[in-house]
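Reader: I am new to this structure. Please take me through it feature by feature.

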Amino acid sequence: MAKDVNLTCRLCGHKHRLIRLAPGERALCARCGTVMATEGRFGPEAALVFSITGLILALPAALLPFVIAGKLGDERVCRLFTGVGALWDNGMRALAVLVFLCGALLPVALLGAIALLHVPARLKWHAVDIPSLSRTVHLLEHWAFPEVQVLAVLVALMKLGDLVDLTVGPGFWCYCAMAVCLVLAQRSFDFELCDPSPVPCGTDAAP
Amino acid sequence: MNLRFSPARLRSNSTAAALAVAAAVMLVPANLLPVLNTETSGYSRSDTIFSGTVELWRQGLWVIATIVFTASICIPLLKLAGLGWLLLCVRQGGPRDSRRLTRTFAVVDFVGRWSMLDVFLAAFLTGLVQFGEFSSVQARSGIVAFAAAVVLTVLATQAFDPRVLWPAPAKASPNTSRL
């Protein structure tokens with residue numbers, strides 16, 4: 001899959017010719033040493049598979065109970081958006097929107113964007129504006145924090161230990177799985193598709 | 001060594017500097033105002049980020065206390081210090097260890113997201129613990145200031161152009177190095 005494009009280091013701007021990487025190999029910038037690309041261990045379809053799996057898991061993660069808390073016979077079911085709703089009702093609407101965006105909407109949007117980048121390539125369909133979509137993926141990566149939300153819930157569960165009786169629900173496990181799928185999809189992301197500013201250059205240096 | 005940069009790059013770093021200063025300002029109310037109010041069986045307690053961490057430590061939850069302290073106090077401060085150092089290096093010009101500075105930027109860029117831990121924690125606790133007079137948790141204004149500081153630091157990192165740490169555009173390398 002030779003591509004006549006350059007790969008530009010996003011940190012130092014150094015340009016490199018593309019090379020073919022073996023599974024598990026990483027390409028480092030010759031100037032600043034930044035990891036520029038990683039060839040996933042799960043094969044060329046991995047990013048598409050993980051992103052679609054993540055999108056499927058997002059639905060039960062949003063609908064099923066995250067945590068069920070009990071106190072003196074009273075029971076409260078907490079779902080993904082319960083905290084958002086509580087902040088909204090408290091009058092902290094900007095904070096509620098931020099939590100909703102970073103913890104729910106943008107991770108799903110990122111999964112969707114990664115899937116959209118790979119589906120047209122697989123179908124050899126050129127209707128999608130790949131450079132724009134690649135820039136969207138790079139932007140979303142800075143604002144999608146599902147793994148931080150997972151850690152926050154775990155910290156909350158340990159913190160609440162004696163205060164209330166807690167049962168972890170299936171929604172939380174689906175959300176964890178979705179977060180793992182997102183990380184794996186990003187790691188398996190085909191960098192040749194995502195270079196935002198490909199420049200024509202010389203021959204491919206594939207071994 | 002050519003150390004002249006395009007006005008666009010310098011402008012982007014001015015934006016980064018302004019956002020970093022705004023984030024530093026927001027960290028003051030974020031650390032002084034209470035972030036959570038907990039009511040248990042008629043007993044009410046308001047905690048700032050630091051007092052909440054100390055309370056976790058006192059309860060013997062050392063791992064959680066360390067995680068919260070690192071994510072909510074250390075990371076925002078280190079991130080701002082790192083960005084400040086990078087911006088100072090760019091402003092001073094002259095020869096510099098560009099490779100080390102680029103790695104510093106990569107670390108600053110990577111760790112920033114974990115500061116959102118306290119924001120997600122406050123949202124989750126506010127949603128979950130609502131048992132009326134027996135037990136309830138409410139988010140307080142400090143968490144809004146803290147979230148603003150986190151958003152501003154992320155924006156500052158995005159505005160910073162790390163290519164300005166390097167002297168001049170380099171010629172295309174034959175290929176990347178492998179690992």
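Author: Start with a helix pair. The crossing of H5(A) and H6(A) is left-handed. Keep in mind that this is a predicted model.

Reader: How do I describe two packed helices?

Author: Two packed helices are described by the angle between their axes and the distance between those axes. In chain A, helix H5 (residues 146-160) packs against helix H6 (residues 170-187) at an angle of about 145°. The axes of H5(A) and H6(A) are 9 Å apart.

Reader: Which residues in H5(A) and H6(A) meet?

Author: H5(A) brings Pro146(A), Glu147(A), Val150(A) and Val153(A).

Reader: What are the angle and the axis distance for H5(B) and H6(B)?

Author: H5(B) and H6(B) pack at about 145°, and their axes are 9 Å apart. Their crossing is left-handed. From H5(B), the contact takes Asp118(B), Val119(B) and Ala122(B). From H6(B), it takes Ile143(B), Phe146(B), Ala147(B) and Val150(B). That makes 6 nonpolar residues, no polar ones and 1 charged in the contact of H5(B) with H6(B).

Reader: Now the sheets. How do strands hold to each other?

Author: Strands of a sheet pair through backbone hydrogen bonds, either parallel or antiparallel. Chain A has an open sheet of 3 strands in the order S6-S5-S7, with antiparallel pairing. Its edge strands are S6(A) and S7(A) (165-168), and each pairs on one side only. On average, neighbouring strands of this sheet are turned by 20° against each other, direction ignored.

Reader: How many bridges join S5(A) to S6(A)?

Author: There are 5 bridges between strand S5 (residues 67-71) and strand S6 (residues 74-78) of chain A. Val67(A) stands opposite Cys78(A) in S6(A). The two strands form a hairpin with 2 residues between them. There, Leu72(A) takes a positive phi near 50°.

Reader: And how many bridges join S5(A) to S7(A)?

Author: Here 4 bridges join the strands, which run antiparallel. Gly70(A) stands opposite Asp165(A) in S7(A).

Reader: What is the strand order of the open sheet in chain B?

Author: The order is S2-S1-S4-S3, an open sheet of 4 strands with antiparallel pairing. S2(B) (43-47) and S3(B) are the edge strands, and each pairs on one side only.

Reader: Take me across that sheet, pair by pair.

Author: Begin with S1(B) (residues 36-40) and S2(B), which pair in the antiparallel sense over 5 bridges. Thr40(B) has Tyr43(B) in S2(B) as its bridge partner. The hairpin of S1(B) and S2(B) has 2 residues between the strands, and Ser41(B) takes a positive phi near 50°.
Next, 5 bridges join S1(B) to S4(B), and these strands run antiparallel. Glu39(B) has Ser136(B) in S4(B) as its bridge partner.
Then come S3(B) and S4(B), antiparallel and joined by 2 bridges. Ser136(B) in S4(B) is the bridge partner of Gln130(B).

Reader: How do I read the interface between the chains?

Author: The size of an interface is often given as the accessible area lost when the parts come together. Here, read it by residues in contact: 49 of chain B and 56 of chain A. On the chain B side, the elements that give two or more residues include helix H3 (62-92), helix H4 (98-111) and helix H5 (117-128). H5(B) gives the most, with 10 residues. The side of chain B that touches chain A divides into 33 nonpolar, 12 polar and 4 charged residues.

Reader: What domains is chain A divided into?

Author: Domain 1 covers 1-44 + 194-207, and domain 2 covers 45-189. In chain A, 7 residues of domain 1 are in contact with 11 residues of domain 2. On the domain 1 side, 4 residues are nonpolar, 3 are polar and none is charged.

Reader: How should I use the confidence values?

Author: Where pLDDT is low, the predicted coordinates should not be read in detail. Chain B has a mean pLDDT of 85, and 86% of its residues reach 70 or more. For the complex, the predictor gives an ipTM of 0.84 and a pTM of 0.84.

Note on methods
Residues are numbered from 1 along each chain as its sequence is written. Chains are lettered from A and ligands numbered from 1 in the order in which they are written. This is a predicted model: local features need pLDDT of at least 70, side-chain atom pairs count only at pLDDT 80 or more; totals for chains, interfaces and linings use all residues. Two residues are in contact if their C-beta atoms, placed from the backbone, lie within 7 Å. Ala, Val, Leu, Ile, Met, Phe, Trp, Tyr, Cys and Pro count as nonpolar, Asp, Glu, Lys and Arg as charged, and the others, Gly among them, as polar. Domain bounds come from an automatic or database domain assignment. pLDDT is the predictor's confidence in each residue, from 0 to 100. Axes are lines fitted to C-alpha atoms, for helices over the stretch in contact, and angles run from 0 to 180 degrees between N-to-C directions. A crossing is left-handed if the near helix is turned anticlockwise from the far one by less than a right angle, and right-handed if clockwise. Two strands pair if DSSP finds at least two bridges between them.
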